[in-house]
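Visitor: I would like to learn how to read a protein model feature by feature. Please take me through the one shown here.

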Amino acid sequence: MSIESLENRLRHMPIEPARLLRQEPMAQHTTFRIGGPADLFLSTASEQEAAAACLWAREEEVPVTVVGNGSNLLVGDKGIRGLVLCLGREFQKIWTEEGLLCAQAGASLKAVAQHALQDGLAGLEAVSGIPGNVGGAIYMNAGAYGGMVSQHLEWVRMLEPDTGKIGQYTRKQMEFGYRASLAMAKGMVVLAAAWRLPADKPDAIRAKMEDYTCRRREKQPLSYPSAGSVFKRPEGYFAGKLIEDAGLKGYSVGQAQVSDLHAGFIINKGGATAQDVITLIEHIQQVVQEKYGVELEPEIRRIGE
């Protein structure tokens, strides 16, 4: 689709045109700091606006891609065609309701965990340091240190992009698995979620959170742009250990490098391209497969051209 064709269709969009960003660099919206421009970029402020934008995209046959804070994304160097719908800065409300801790999809996991701490609610300590937001974390059932974001979940509100229908789903209906969910399987958009968390002493909750924070600082390359753990954990192994044992720690392609601190991370040393990262991922997969017979499956989500 040409930019001219897309521009012609904008007059039918139920969103104030001034709020749409054109040719927006996606490198500014991912923790990898990599990615070409999106044809159109809209940071939505409400569930109704998100539904309206998705319905417009379907009716106008405009591709739509939903993103959060971009912490688990690798966007292609040529960018993303169509509309990028971001549930981010204007979608961060956190509140308590009927004994539940609730949050919109754009709220960061850190902010939600801090809110739980203030209310003396435990259960989110392990995921409190994951640099993602609620929507993306639930979409992939993110986890760390034995904890997963799906634990203690009561419900999830989601949008069906093709119909504009918004529904509420129980934890069982979400069909959570390892880095998997109903949202991922059906291409649905997470809008909000609620947890029913057990009470605990704030000091005990804070101590656990600080412990996990210290572990991350010691073992993860937080000083460089990255997308977090690159590979899913293969059954019976640790991806980072396999990569390190294969002699790939510090291995580079262009400005993309296997971290010297944690081999499960690929970092952007400055100016890395998506193709650098893809080539490096494929090299890692090939070497690990040849040496150990283990197939590494990427955890990061690749989108765009």
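Predicted model: local features only at pLDDT ≥ 70, side-chain atom pairs only at ≥ 80, totals over all residues.

Visitor: How many residues does helix 8 have, and what span is expected for it?

Guide: Helices (H or I, at least four residues) and strands (E, at least two) are DSSP runs, numbered from the N terminus. The expected span of a helix is 1.5 Å times one less than its number of residues. Helix 8 covers residues 274–292, which is 19 residues, and its first and last C-alpha atoms are 27 Å apart, close to the expected 27 Å. Just after helix 8, G293 has a positive phi of about 70 degrees.

Visitor: Which residues of helix 8 are buried?

Guide: An α-helix has 3.6 residues a turn, so residues three or four places apart point the same way. Buried means under 20% relative accessible area, exposed over 50%, and partly exposed in between (1.4 Å probe, protein chains only). In helix 8 the buried residues are A274, D276, V277, I278, L280, I281, I284, V287 and V288. Their cover includes helix 7 (239–245) and strand 4 (73–75), along with strands 14 (252–253), 15 (256–258), 16 (265–268) and 17 (301–303).

Visitor: Now the strands. In which sense do strand 10 and strand 12 pair?

Guide: Two strands pair if DSSP finds at least two bridges between them. Strand 10 and strand 12 (residues 189–195) are antiparallel, with 6 bridges, and R157 has A192 in strand 12 as its bridge partner. Strand 10 also pairs with strand 11 (residues 166–170), again in the antiparallel sense, over 5 bridges. There, W155 stands opposite T170. The hairpin of strands 10 and 11 has 6 residues between the strands, and G164 takes a positive phi near 80 degrees in it. As for cover, 5 of the 7 residues of strand 10 (residues 153–159) are buried.

Visitor: Which residues is L101 in contact with?

Guide: Contact means heavy atoms within 4.5 Å. L101 is found in strand 7 (residues 100–104). Leaving aside neighbours within four places in sequence, L101 is in contact with residues including I94, W95, V112, L124 and W195. L101 counts as buried because its relative accessible area is 0%.

Visitor: Where does M26 lie, and is M26 buried or exposed?

Guide: M26 lies in the loop between strand 1 and strand 2. M26 is buried because its relative accessibility is 0%. Not counting residues up to four places away in sequence, M26 touches several residues, among them I34, P37, F41, V75 and V84.

Visitor: Which phi value does R33 have?

Guide: R33, a residue other than glycine, has a positive phi near 60 degrees. R33 is found in the loop between strand 1 and strand 2, and is partly exposed at a relative accessible area of 48%. E98 is not a glycine either, and its phi is positive at about 50 degrees. E98 is in the loop between strand 6 (94–97) and strand 7, and counts as exposed at 71% relative accessibility.

Visitor: Last, the spaces. Which residues line the largest cavity?

Guide: On a 1 Å grid over the protein atoms alone, a cavity is a set of points where a 1.4 Å probe fits but cannot get out, and a pocket is an open set with protein on both sides within 12 Å along at least five of seven lines; lining residues have an atom within 4 Å of a point. The lining of the largest cavity is L109, V112, A113, L124, V127, S128, V149 and W195. Helix 3 (residues 109–118) gives the most to that lining, with 3 residues.

Note on methods. Residues numbered from 1 in each chain as written. Heavy atoms only, no water.
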